[in-house]
Amino acid sequence: MEKSIRSTGDYWTKLLICALILLTTQVHCHFNPRINVTFLDNAVSTGAVCLDGSPAGYHYEKGYGTGADNWLVYLPGGAWCGSKGDCLARTKTIGGTTVNVTTTWFGGILSADSLVNPDLYNWHRTFIRYCDGASFMADVEAVDPETNLHLRGARIFRAVVDVLLAKGMKNAKNIILAGNSAGGLATILNCDRFRALVPNASRVKCLSDSGFFIRAQNLPGVEKREKGFADVVAFHCMFPEYLVGDVQTPLFLLHSAFDQYQIQYNLKPYPAIEQGWKECTSNTRLCTPAQIDFMKEFRTTFLQTLKAIPDCPSRGMFINSCYIHDFLFSRARWNYQGPPSLGNKIIERVIGDWYFERCSAKAIDAETDHPLNCFDA
C-alpha cells in the first residue's frame, strides 16, 4: 500500500472542462495536469529512503486504450553528491528529500497530450523521485550516526519497480526505461537489470538523454572529471563510455555533441582562454573565437568516443549540435520542428521509429561544427 497526496478541486474542475470540450467539439484539448506524489508505505522498513531518510516517492498516471499494456518508467536528473558535505547540503533540496514534495508536471515524453506525444501519451507513465545523489545505484546498509545520511538509491529504484510490477507492469507488452542527465546515466547502469525484472514483456528498451558523460582524456581538466566520478563511486560504495558497449538491452542515446553541462562544469579551459569562460559557457554569444574552438575540441572528442563504442544493430542514436543539456522532459525540446531536428525528423519521431522499429534511428549531426543556440525566441 502507498500513501498518495489527493488531487485538488482545481484539478477535477479542469479535467471536467476538458472532457466537456472533447465531447461537444472537435477541438483538441491541451490539458496536462500536475501529477500527485505517492510515497511507499514500507519505504522506511525496507530502507528505500532518500539521503535524509524520508520515504521514496513516485508520480504515476494510469494508461488506457491502446496504451493499457504499455509502460514508461522515467528517472530524472539532478547531478550527484560525492562527499559528506555535498550530500548533507543536498538533503535540504528536492535532490535529497521528499519532504514537502507534492506534485510534478508531466511534460515532453511524459505528456498526456496526443499531439505532443503521439506514441506514448496513453501509456502507464511513472516518474521516480531522484533523491539519493548517486544515479539510483547506492545501497549502503550502515547509516552514519553523525549525519544520518542514507545511501539507498538502488533500493529506491527496486522498491518502486516492485510496486509497478504489482500494478500490472509484470504483464506489460511494451516497456521503456528512460532518464535524463544523472537519470540518463542511471538508465544505462540499470538497463539490463531492469530488463531481467520483466522477462515476459515483448519489447523492453532503454532511452538515455544527456547521460553519456565522457572522460575526455585529451582535454584539460581530466583529473577533475576523474576525481568527480571517483568521489561519487567511492562515497556511495562510472564513466558511461566504458559501460554502453556492455549493455545487452536495446539502448538509445540522445545527446548533444556540445553538451552544455559537460562543457560548463566538467571542462577546464586552457589558460589562454580562461578569462571570460564563465560568461561564455553561460551564453555562447559572449565567447571568443578561441573559446568556440575549444568547444569544438570537446565535440570532436565526444564523437570519437561514441565511434569507439562497439556497434550494435539495436542501438539508436540522435546526436545534435545544440548547446543544451536534456531534451526529453520539455515539450519544446521533445517535438520542436527546428534544431535539434535532424534530417527533417524531430526527437519524438526518431525515438518512436527506433522503439517500434519503423525505420533506422541513427542520426548524428556531422556537418555543424559550432554550438547552436536552439529554441531561441
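A: Let's start with accessible areas: they come from the Shrake-Rupley method with a 1.4 Å probe, and for residues only the protein chains shown count as cover. Here, the protein chain exposes about 16,900 Å², and carbon and sulfur atoms supply 55% of that. Keep in mind that this is a predicted model, where local features need pLDDT of at least 70, side-chain atom pairs count only at pLDDT 80 or more, and totals for chains, interfaces and linings use all residues. Residues are numbered from 1 along each chain as its sequence is written, and side-chain values use heavy atoms, with hydrogens and water left out.

Q: How many helices and strands are in the protein chain?

A: Helices (H or I, at least four residues) and strands (E, at least two) are DSSP runs, numbered from the N terminus. This protein chain has 11 helices and 11 strands.

Q: Is Glu 61 buried or exposed?

A: Buried means under 20% relative accessible area, exposed over 50%, and partly exposed in between (1.4 Å probe, protein chains only). Glu 61 has a relative accessible area of 16%, so it's buried. You'll find Glu 61 in strand β3, residues 57–61.

Q: Which residue's side chain does a polar contact join to that of Glu 61?

A: A polar contact is a pair of N or O atoms within 3.5 Å; within protein, one must be able to donate a hydrogen and the other to accept it, and residues adjacent in sequence count only if both atoms are side-chain atoms. For Glu 61 the partner is Arg 125, at 2.9 Å.
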